[in-house]
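Welcome, and please open the structure in your viewer. Let us walk through it together, one selection at a time.

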Amino acid sequence: MSALNIKELTKKASPLTQGHRMCPGCGAPTAVRQALMGVNDPVVVVSATGCMEVSTTVYPYSSWRMPFMHIAFENAGAGISGVEAAYKVLRKRGKIDKNIKFVAFGGDGGTYDIGLQSLSGALERGHDFTYICYNNQGYMNTGAQRSSATPQSANATTSPAGSAAPGKLQRAKDLTEIVAAHNIPYVAQTSLHNPLDLVAKVKRAVETEGPAFVNVLVPCPLFWKIDPANQADICRMAVDSKFWPVYEVINGEYVLSYEPKEARPIEDFLRAQGRYAHLFKKGAERFDLVEEAQRDADESWSKLLKKCGR
């Protein structure tokens with residue numbers, strides 16, 4: 001893949017118009033823009049129901065500057081499969097001569113949970129598309145409920161922190177590893193704090209023949225209870241604390257994208273977010289859960305290093 005020219009990338013028109021209805025400071029539109037910056041071919045976008053879809057396609061308007069299809073919450077994988085299959089037929093019949101790429105977007109609710117079966121089927125069938133999960137670790141579109149991407153101990157409306165439970169009791173599902181188990185050509189994790197890494201990974205995903213998957217950590221300021229201006233810092237903390245490793249799986253080979261010189265304690269990452277404030281409430285601290293989160297991060301990191309041949 002050729003080197004990315006950041007100046008040229010910034011000159012490209014955004015795939016979204018101004019004036020969409022995403023919350024002020026939301027990182028999801030940033031993820032969309034960065035994701036499609038490095039794609040030079042025409043793109044058809046499919047989106048599962050979620051924050052991105054409901055806020056950019058309020059009838060009768062659309063904020064998308066490219067062909068866009070809204071798919072139900074549970075079937076973005078099937079939708080992108082159908083569009084890609086139709087394109088192949090039309091191209092074979094000589095009715096289309098353009099090289100068109102196909103990208104599906106879904107939040108973690110529509111990807112980790114409701115749309116997992118549809119996504120798995122599309123990956124297994126081997127359709128040529130890229131699926132991008134903008135992962136804010138909860139169901140933001142419907143009121144900040146917990147999803148299977150929500151980390152342990154996080155406070156959500158359906159896993160509230162209180163006297164009965166200290167937030168969500170279960171660990172987050174590792175969907176990137178589940179997707180990698182499908183033996184597809186390209187899988188990656190990245191986050192908003194490093195735009196060039198995100199652009200490069202999506203570019204590689206789109207240019208890879210066959211199914212590809214990119215999992216992007218995208219904080220929700222409302223749910224995570226952070227200042228939107230601190231999004232990049234929060235993502236950097238997630239990566240530097242090993243909470244959210246950034247890596248690729250290229251044809252089954254694990255490649256580490258970044259290793260912190262000195263890992264930050266995961267406590268720094270948790271303290272920076274209001275959804276974990278109950279863990280540090282004076283007189284009722286739950287440092288046992290903070291230590292458990294640190295152990296989980298360390299164990300997952302050790303496993304990843306082994307997969308990367310380290």
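What follows is a list of stops, each with something to select and a word on what is there.

**The whole chain**

Start with everything shown as a cartoon, and keep in mind that this is a predicted model. The chain has 12 helices and eight strands. Its radius of gyration is 19 Å, close to the 19 Å that the globule rule gives for 310 residues, so the chain is as compact as a globular protein of that length. Along the principal axes, the C-alpha atoms fill a box of roughly 70 × 50 × 40 Å.

**The sheet**

Now colour the strands. In what order do the eight strands of the open sheet lie? The order is E2-E1-E3-E4-E6-E5-E7-E8, and the pairing is mixed. To find the edges, select residues 68–71 for strand E2 and 253–256 for strand E8; each of these pairs on one side only. On average, neighbouring strands of this sheet are turned by 20 degrees against each other, direction ignored.

Strands of a sheet pair through backbone hydrogen bonds, in either a parallel or an antiparallel way. For a parallel example, select strand E3 (residues 101–107) and strand E4 (residues 130–135), which pair over five bridges.

For antiparallel pairing, move to strand E5 (residues 186–191) and strand E7 (residues 247–250), joined by three bridges. Val187 has Val249 in E7 as its bridge partner. E7 also pairs in the antiparallel sense with E8, over four bridges, and there Glu248 stands opposite Val255 in E8. Click on Asn251 in the hairpin of E7 and E8: two residues lie between the strands, and Asn251 takes a positive phi near 50 degrees.

**Helices on the sheet**

H2 lies across strand E1 (43–48), E3 and E4, and runs at about 160 degrees to E3. Helix H4 (residues 76–92) also packs on the sheet, where it touches E1, E2, E3 and E4. The direction of H4 makes about 155 degrees with that of E1.

Two packed helices are described by the angle between their axes and the distance between the axes. Show side chains for Ala76, Gly77, Ala78 and Ser81 of H4, and for Ser118, Leu119, Ala122 and Arg125 of H6, which make the contact. These contact residues divide into four nonpolar, three polar and one charged.

**Two backbone details**

Most residues other than glycine have a negative phi, and most peptide bonds are trans. Zoom in on Tyr59 and Pro60, which are joined by a cis peptide bond with omega of about 10 degrees. Pro60 lies in the loop between H3 and E2. Then jump to Ala144, in the loop between E4 and H7. Ala144 is not a glycine, yet has a positive phi of about 65 degrees.

**The pockets**

Which residues lie nearest the centre of the largest pocket? Select Ala172, Asp174, Phe243, Asp296 and Ser300, which are among the 31 residues of its lining. About 790 Å³ of space lies in this pocket. Helix H7 (175–180), helix H11 (266–271) and helix H12 (287–307) each supply at least two lining residues; H12 gives the largest share, nine residues. By type, the lining divides into 16 nonpolar, six polar and nine charged residues.

The second largest pocket holds about 270 Å³ of space. Of its 21 lining residues, Cys23, Cys51, Met140, Cys220 and Leu222 are the closest to its centre. Helix H3 (51–56) and helix H9 (221–224) each supply at least two residues of this lining, which divides into 16 nonpolar, four polar and one charged.

**The cavity**

Rolling a probe the size of a water molecule over the atoms shows where empty space is left. For the last stop, how many cavities of 30 Å³ or more does the structure hold? There is one, and the largest cavity has a volume of about 100 Å³. Select Gly50, Cys51, Gly107, Gly109 and Gly138, the closest to its centre of the 14 lining residues. Helix H5 (residues 108–113) supplies the largest share of this lining, three residues. The lining of the cavity divides into five nonpolar, eight polar and one charged.

Definitions and conventions. Residues numbered from 1 in each chain as written. Predicted model: local features only at pLDDT ≥ 70, side-chain atom pairs only at ≥ 80, totals over all residues. Heavy atoms only, no water. 1 Å grid on protein atoms, 1.4 Å probe; cavity = no way out; pocket = protein on both sides within 12 Å on 5 of 7 lines; lining within 4 Å. Points joined across faces, edges and corners; volume = space filled by probe spheres on them. Nonpolar A, V, L, I, M, F, W, Y, C, P; charged D, E, K, R; others polar. Pairing = 2+ DSSP bridges. Axes fitted to C-alpha atoms, helices over the stretch in contact; angles between N-to-C directions. Contact = heavy atoms within 4.5 Å. Rg over C-alpha atoms; globule rule 2.2 N^0.38 Å.
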